[in-house]
Amino acid sequence: MKFMKLGSKPDSFQTDGNNVRYVAADLETDIIVNVGDSKFYLHKFPLLSKSVRLQKLANTNESKPLEIHISDIPGGPAAFEICAKFCYGMTVTLNAYNVVVSRCAAEYLGMHESIEKGNLIYKIDVFLNSSIFRSWKDSIIVLQTTKSLLPISEDLKLVSQCIDSIATKACVDASKVDWSYTYNRKKLAEENGNDPNWNGVRNRQVPKDWWVEELCELEIDLFKRVLMGIKTKAVLSGEVIGEALKAYAYRRLPGFSKGMIQSGDMAKHRSTVDAIVWLLPAEKGSISCSFLLKLLKAAIYVNSGETTKDEMVKRIGQQLEEASVNDLLIRAAEGEATIYDVSAVKKIVEEFLRKDQTAEIQSFEEGHEIQEERRPGILSDASKLMVAKLIDGYLAEISKDPNLPLSKFVDLAEMVSGFSRPAHDGLYRAIDMFLKEHPGVSKSERKRICKLMDCKKLSVDACMHAVQNERLPLRVVVQVLFFEQVRAAASSGSSTPDLPKGMKDLNSGSHGSSRSATTNTEEDWDAVASAEELRALKGELASLRLASGERNGDGKSNVDKAAVSKMRRLLNSKKVFAKLFSSKGGQGENSGSDSSESLGSANPEEAAKSTPSRNRRHSVS
């Protein structure tokens, strides 16, 4: 730390009681200076010869002895004592901690060159410019001391000089930075003399963000101004600025790392969050999506303005593919019925989709006419796939909330339903979790949520689970088994087995949806599968993979026959399919056997001939 000594006489100020200070001298004191609650018994000549203000106060006061009051001097009694000692020629040591208060007090007392050459103001200014502002750590200390001396420290340009000094040093080429700047860091082994290979030469590269740690000590208003000064110089990249903001948020916002703000001065925390958002660099990717989401959570918690939150939503939406499920779990405001703020995530996804929906229009001249060309969206398939998987995982987590409405689940899932993804396992897991935590959902609601899933895109493991899942409608269970049968046949190289018209109609709808001409049959298929029906289906899926494993030994024809045999055996299960093809009318007494025979036919046309009336009345489409 830099320092400067002024004067050469010994310090003869003494104390008589808590609030009385005097100079031990042969001459009797002839002036009493009241500074707040303190009294200084001093001599006129040394004081009045260097202070314009004291001269004016003495000329307008005829009391004996002379007594004046300067209760509003910056820095109070301590600052006045430094100035008084300088007037007496006593030794005074100035450093980064007291130089600003001394400068402000000297300005208040009018200790300029016009009254005496080499006065205190001149000496302090020389010390600031030649030593303090050339030192990184001293500049930061001085800047911190200016806050308690506003507005005079601002009027004297001390604040702006400190900020410019710090910003300039932060932008210096890292190769020219000495590690002594970072005084808060832990010393390296070689610097402690513990490294036997240390040869006295620094060979460790200084990071570009070496200055970040020290700036975190500043209050938000000063930090904001320093960072603005750094950004104005346009030397450092957005990533470095982002690292500074991240470090400051973790240091100054308690609980920020956990996505919340612990109790404290909420107004101060709100000011900090708003300033960090305002300082975010414009370059995409300069701030991680995880940090942005933590910042949004903090903004919601401290009740920041809508402008701040909207800016965060916009920034997050531009790089949503980088987020994790845990990042998206934003707690709902106190008093809300749900655990998580699903509406905030929906806004983020909307912002992500807006990038693709808002195509750019390029104008160009062709002949004598202006033509417009609309470009496609900018989202890549990889980004869409990552976001789709992210939302699947998010839905699985929020589904654990028993108060989550079905509409919020479906609305969010439908927002990414247009994103092609090779597997729907994540979506199936979310649907299953929702049905598990919401056992009271109606048949129509169960059907609505299951329509989000494409059974053809479930993995083998997911199919095994779905076939045994008592929470799924019977329609979905059968569709899963059917598509796995088709997949097993395809993987074995055999042709797809012939299916009866009822099954073809059942599986002709998109995303597993189908319609029935008979209301009762439709309701039966939307009902949850019974235990007996699941037991009938339980062993089928596991055996499908065994058939494909036999293709090396028995050949394509044997596998094809096995696949067709398994399908017939499954379709002949009265317990499973009686609901779909049984009549609720007058022919109910023989519907079970009739439907079993027609479904057992390998040729759909033969099945249609054998029971034409039943196919007309009870077909599922």
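This is a predicted model: local features need pLDDT of at least 70, side-chain atom pairs count only at pLDDT 80 or more; totals for chains, interfaces and linings use all residues.
Q: Which residues touch the most other members of the largest nonpolar core?
A: Leu42, Phe80, Trp211, Leu215, Ile230, Leu320 and Phe409 do, in a core of 159 residues.

Q: Take leucine 320. What is it in contact with, leaving aside neighbours within four places in sequence?
A: Leucine 320 is in contact with Cys289, Leu328, Ile348, Val349, Phe352, Val387 and Leu390.

Q: Moving on to arginine 421. Where is that?
A: Arginine 421 is in the loop between α18 and α19.

Q: Buried or exposed?
A: Arginine 421 counts as buried because its relative accessible area is 3%, and the cut-off for buried is under 20%.

Q: Which side chain does arginine 421 join in a polar contact?
A: That of aspartate 392, at 3.1 Å. Asp392 is also among the residues in contact with arginine 421 beyond four places in sequence, a list including Leu385, Ala388, Val416, Leu427 and Lys457.

Q: Leu427 is in α19, then. Which residues of that helix are buried?
A: Leu427, Tyr428, Ala430, Ile431, Asp432, Met433, Phe434 and Leu435.

Q: And what do the buried residues pack against?
A: The buried residues of α19 pack against α17 (381-398), α18 (406-415), α20 (443-450) and α21 (460-467).

Q: How many residues does α19 have?
A: Helix α19 has 13 residues, 425-437, and spans 18 Å between its first and last C-alpha, close to the 18 Å expected.

Q: What sense is the pairing with β7, parallel or antiparallel?
A: β1 pairs with β7 (residues 92-95) in the antiparallel sense, over four bridges. Leucine 6 stands opposite valine 92 there.

Conventions: Residues are numbered from 1 along each chain as its sequence is written. Side-chain values use heavy atoms; hydrogens and water are left out. A nonpolar core is a set of buried Ala, Val, Leu, Ile, Met, Phe, Trp, Tyr and Cys residues joined through side-chain atoms within 4.5 Å. Buried means under 20% relative accessible area, exposed over 50%, partly exposed in between (1.4 Å probe, protein chains only). Contact means heavy atoms within 4.5 Å. Helices (H or I, at least four residues) and strands (E, at least two) are DSSP runs, numbered from the N terminus. The expected span of a helix is 1.5 Å times one less than its number of residues. A polar contact is a pair of N or O atoms within 3.5 Å; within protein, one must be able to donate a hydrogen and the other to accept it, and residues adjacent in sequence count only if both atoms are side-chain atoms. Two strands pair if DSSP finds at least two bridges between them.
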